[in-house]
Amino acid sequence: MRVTFLALLLAVTSASNVFSQDSTFYYSLGAAATGSSPAVPFWLHANRNGSVPTRSSFALLEASLHRVYNPNNPRFFQWAAGAELVANAGKKSTVFFSDLFIAGKAGPFELSVGQRNRAMGLADSMLTSGSFAMSANFRPYPKIELSTVRFVSLLPLNDILSFKFSYSDGLFGPANVHYGNIDRVSETYFHQKSIYIKLGRYRHRLNLFAGFNHQAMWGSEDQIFSGGLKREQAYSYIVFGKPWAASRVGNHFGTIDVAAEWKGDQWTSFLYRQNVYEDGSLSNLSNLADGLNGFRIKRNSTNEIIRSVRLNTMLLEFLYTKNQGGNVFDFATGTFGRDNYFNHYVYNQGWSYRGRSLGTPFIAPQHLIRKNLQTSPTLFTPNNRLFAYHLGLAGSYRRANFIFKGSHSFNFGSYSTEFSRTLRQTSFLFSMNTPLSARKNDRLTIDLATDFGKLFPNSVALMVGWKKSGFIR
């Protein structure tokens with residue numbers, strides 16, 4: 001797999017020398033200092049691609065340079081690339097690349113090599129609590145991906161029916177395991193694919209969407225299990241989700257999504273639903289209650305400067321994960337309950353990468369919750385049965401922009417580690433940024449966040465920063 005990565009990287013790099021006039025350079029530089037209680041509040045670190053620490057006060061530096069596709073360039077072949085360096089100093093200092101990729105596209109089809117910030121699923125992208133299966137909560141991982149950069153028409157010269165897809169394989173690295181012949185493996189991988197269909201033309205007021213995404217963490221089955229599948233065999237089982245040894249190869253997770261968008265004269269409304277599937281519960285509709293529901297209204301024009309406070313976007317979401325197919329799992333009878341979202345019977349890390357949830361951050365790792373609630377170190381989380389309400393607001397006042405996020409959750413533990421009582425948790429974030437110059441490419445940012453309840457430690461934090469960004473002509 002590493003040889004394939006290098007070969008494709010060289011191929012795309014060669015192509016970039018030919019089509020070097022087709023895209024635009026975009027830069028960003030930011031620095032921030034944060035004063036925080038021992039635990040950093042939930043919405044200050046969640047859904048930020050793993051760049052914000054979760055413990056104590058810290059300083060943060062982010063610098064990036066991207067070359068993006070030029071939508072006005074008629075050339076069939078274009079290329080893009082990006083690098084984003086993140087450094088934070090605090091109780092535990094780290095330096096890493098968040099984005100580090102190169103990509104080339106032929107028409108609407110793109111081949112990308114490296115790691116880049118991506119989320120998955122039909123949902124709002126700015127104010128969301130996070131897609132159920134694949135959110136923006138974790139640090140990007142290295143992968144090869146073939147995808148479309150936009151919805152592509154299925155009918156010639158008519159966009160009434162279009163599709164969007166992705167297919168990728170990536171590296172997750174070593175992993176601890178708690179089942180089988182060994183307790184640690186040197187290589188694990190991550191497979192991902194998705195396809196979405198859109199019904200409705202761009203100029204139509206109503207557009208309908210439907211599709212699914214499927215992800216699986218896997219690797220080293222021949223070491224973990226006696227008589228386990230070799231890597232080439234295991235891959236086919238992963239791609240098609242075929243049963244093996246009264247279970248499935250790897251840790252699978254995904255959602256089936258539907259959505260509708262209505263374009264009004266002044267506002268656009270977006271309604272969506274993500275239905276989760278893991279081990280077969282959705283096939284017999286036993287976990288149909290579980291999923292993410294969202295409704296967003298967004299103002300169509302937000303460029304003009306208004307001398308009063310104006311609301312530009314409002315989002316309401318409801319997440320429900322309590323059902324999980326019921327309290328019974330029996331593969332022989334096809335009763336697929338006790339889904340135990342984000343935990344896995346082989347891999348200790350469950351549905352996570354570098355300690356962060358791959359999906360919704362509401363299902364949080366053990367190290368983020370109160371110590372008296374933590375359980376076995378072989379479990380990623382002791383709390384995956386919950387429901388949560390989430391509100392997101394985005395607005396402006398003159399040249400300043402603000403964002404508010406607020407959530408309230410009811411937490412019940414899991415089927416195997418049920419809490420003695422329902423634990424409520426409330427988290428808030430208020431974020432504001434305002435330009436420091438007439439060009440608006442220097443901005444002052446202020447974030448205030450707090451947590452109070454019985455799941456996370458009570459906390460409060462203030463982050464003050466500066467950010468400069470723009471295009472290099």
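I looked up the largest cavity first, and it holds about 140 Å³ of space. Of its 16 lining residues, Arg118, Met134, Phe138, Tyr141 and Lys143 are the closest to the centre. A cavity here is a set of points on a 1 Å grid over the protein atoms alone where a 1.4 Å probe fits but cannot get out, and lining residues have an atom within 4 Å of a point. Grid points are joined across faces, edges and corners, and a volume is the space filled by probe spheres set on the points.

I noted that this is a predicted model, in which local features need pLDDT of at least 70 and side-chain atom pairs count only at pLDDT 80 or more, while totals for chains, interfaces and linings use all residues. Residues are numbered from 1 along each chain as its sequence is written, and side-chain values use heavy atoms, with hydrogens and water left out.

I sorted the lining of the largest cavity by class and got seven nonpolar, five polar and four charged residues. Ala, Val, Leu, Ile, Met, Phe, Trp, Tyr, Cys and Pro count as nonpolar, Asp, Glu, Lys and Arg as charged, and the others, Gly among them, as polar.

I searched the whole structure and found five cavities of 30 Å³ or more.

Last, I checked Phe430. At 41% relative accessibility, Phe430 counts as partly exposed, because that label covers values between buried (under 20%) and exposed (over 50%), with a 1.4 Å probe and protein chains only.

Conventions:
On a 1 Å grid over the protein atoms alone, a cavity is a set of points where a 1.4 Å probe fits but cannot get out, and a pocket is an open set with protein on both sides within 12 Å along at least five of seven lines; lining residues have an atom within 4 Å of a point.
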